[in-house]
Amino acid sequence: MTRRIVILGAAGRDFHDFNVALRDDASARVVAFTAAQIPGIDRRRYPPALAGPRYPDGIPILPEADLETLVRNERIDEVIFAYSDASHADVMHLASRALAAGADFSLLGPSRTMLRADLPVLAITAVRTGCGKSQVARWAAGVLSRHGLRVGILRHPMPYGDLERQRAQRFLTLADLEAADCTVEEREEYEPHLAAGHAVFAGVDYGEVLRLAQAQADVLLWDGGNNDFPFLRPDRHLVVVDALRPSQVATHHPGETNVRMADAVILNKVNAASGEQIRQATENIRSIRPGVPIFAGQSIVDLDEPERVRGKRVVVVEDGPTLTHGGMPTGAGYAAALAAGAAEIVDPRRTASPELREVFTRYPHIGPVLPAVGYGPAQCRALAESLDRSGADAIVSGTPADLARLLNPVLPVVRARYEFAPAPSSGLQDWLDGFARGVAAP
């Protein structure tokens with residue numbers, strides 16, 4: 001009998017798992033996707049052009065909150081969990097909901113969902129959102145490029161708009177981002193790679209994305225999202241751990257999976273962590289991967305114009321996902337503003353627009369900073385309005401996206417840029433140089 005399936009997702013792995021494992025499976029019928037984590041991505045439909053001939057009407061995308069009703073009304077046999085950066089407890093709470101409603105609960109693993117590339121693949125993933133994975137990916141892309149290699153960046157998907165239009169995308173310039181109506185979250189990840197001269201590939205259908213990237217690169221770099229495991233089978237897999245959160249090496253799915261699969265681990269932010277935090281993080285890594293190489297890394301934050309912050313009242317904007325489902329109260333912008341001698345960090349929660357107040361209510365751990373949420377025009381307007389009425393003298397932007405260009409705020413914007421550097425004598429540079437030489441060799 002055909003198994004009736006619901007896929008729990010967040011507009012990323014859910015679509016990928018369907019495309020590679022279930023789209024052409026005659027023994028399975030995907031009745032619906034559900035959506036969580038990202039606002040405004042439910043009440044859509046996975047289009048027929050992507051769903052394939054077995055789904056001429058496409059597939060509905062419904063709120064995860066309606067899971068039990070959906071399972072019972074549609075006689076669902078199996079619920080598949082397919083998104084990232086959820087605590088192990090939260091994953092099993094969803095499992096309990098599915099089981100109690102009468103369905104099986106499952107997850108699709110790497111062997112079933114990783115695509116095989118024709119080019120060498122370096123994958124950068126993390127145990128949590130906000131570990132510094134993106135800055136590590138930027139640094140690694142630079143190392144590969146200095147070996148004379150054309151680097152194709154494959155980004156974890158963020159298809160929050162027109163799914164058919166986002167089937168397979170290539171970005172080379174800022175104009176490409178604007179033409180594609182990219183969200184703030186997409187710009188945070190894409191802009192720094194484009195500034196370094198690297199092409200970025202993303203989309204909904206990673207079979208198509210991979211074919212597009214392979215035609216234009218010598219080596220592929222998987223720049224993962226959240227703490228998801230790669231969509232491509234890597235030749236080398238680097239996993240980033242946050243030294244400031246030593247207890248979270250094995251607390252979230254699928255971050256623990258990444259550590260258990262890693263070829264090497266980067267313990268990042270050692271320049272900001274205490275000796276005890278570094279010791280705890282190292283012990284937690286060793287407890288599940290006793291022999292894996294561990295390289296120490298530094299996250300270095302610089303303000304473009306610190307004199308415009310010193311002695312001023314500033315409002316801070318941080319990378320959105322790091323604060324929201326990443327669980328961090330503040331980020332690099334807040335730390336940079338304090339280090340630069342800001343007279344006051346203005347608390348934006350008092351003057352935030354209603355759309356932003358909803359974010360603070362949903363994520364009460366967020367501190368006196370604004371998360372750079374911008375999943376659509378309404379949220380972008382709300383962010384700009386909240387900044388303009390904050391009463392601050394300037395904005396400190398800790399997001400990699402160019403907020404001045406995107407939002408055109410009234411207040412001046414001072415960017416906090418954070419880059420990765422291997423700790424002295426860590427061995428990471430030699431490790432990656434060795435991989436690059438192997439790729440470059442005839």
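Which strand and which helix each supply at least two residues of the lining of the second largest pocket? They are strand S6 (86-87) and helix H4 (88-101), where helices (H or I, at least four residues) and strands (E, at least two) are DSSP runs, numbered from the N terminus. Before you select them, note that this is a predicted model, in which local features need pLDDT of at least 70 and side-chain atom pairs count only at pLDDT 80 or more, while totals for chains, interfaces and linings use all residues. Residues are numbered from 1 along each chain as its sequence is written, and side-chain values use heavy atoms, with hydrogens and water left out.

**First stop: the pocket**

Select Ala36, Gln37, Glu64, Tyr83 and Arg362, which lie nearest the centre of the second largest pocket among the 25 residues that line it. A pocket here is an open set of points on a 1 Å grid over the protein atoms alone, where a 1.4 Å probe fits and protein lies on both sides within 12 Å along at least five of seven lines; lining residues have an atom within 4 Å of a point. The volume of this pocket is about 480 Å³, counted as the space filled by probe spheres set on the points, with grid points joined across faces, edges and corners. H4 gives the most to the lining, with four residues. By type, the lining divides into eleven nonpolar, seven polar and seven charged residues (Ala, Val, Leu, Ile, Met, Phe, Trp, Tyr, Cys and Pro count as nonpolar, Asp, Glu, Lys and Arg as charged, and the others, Gly among them, as polar).

**Second stop: a six-stranded sheet**

Next, colour the open sheet of six strands, whose order is S3-S4-S2-S1-S5-S7 and whose pairing is mixed; two strands pair if DSSP finds at least two bridges between them. Strand S3 (44-46) and strand S7 (104-107) stand at the edges with a single partner strand each, so one side of each is left without a neighbour in the sheet. On average, neighbouring strands of this sheet are turned by 30° against each other, direction ignored. Within the sheet, strand S1 (residues 3-9) and strand S2 (residues 28-35) are paired in the parallel sense over seven bridges, and Ile7 can be found opposite Phe33 in S2.

One of its buried residues is His16, which has a relative accessibility of 1%. Not counting residues up to four places away in sequence, His16 touches Thr113, Leu115, Tyr206 and Phe231, contact meaning heavy atoms within 4.5 Å.

Then move to Lys133 in helix H6 (residues 133-146), which is buried with a relative accessible area of 7%. Leaving aside neighbours within four places in sequence, its contacts include Ile124, Arg155, Asp223 and Val240.

Select strand S13 (residues 236-242), where six of the seven residues are buried, so the strand is largely enclosed by the rest of the structure. Strand S8 (residues 121-126) is joined to S13 by five bridges and runs parallel to it, with Ile124 opposite Leu238. S13 also pairs in the parallel sense with strand S15 (residues 264-268), over five bridges, and there Asp242 has Asn268 as its bridge partner.

**Last stop: backbone details**

Most residues other than glycine have a negative phi, and most peptide bonds are trans. Arg75, however, has a positive phi of about 50°; this residue is found in the loop between H3 and S5 and is exposed at 58% relative accessibility. Asp85 has a positive phi too, near 55°, but Asp85 is buried at 5% relative accessibility, in the loop between S5 and S6. Finally, zoom in on His253 and Pro254, which are joined by a cis peptide bond with omega of about -5°.

Methods. Axes fitted to C-alpha atoms, helices over the stretch in contact; angles between N-to-C directions. Buried < 20%, exposed > 50% of the residue type's maximum accessible area, 1.4 Å probe, protein only.
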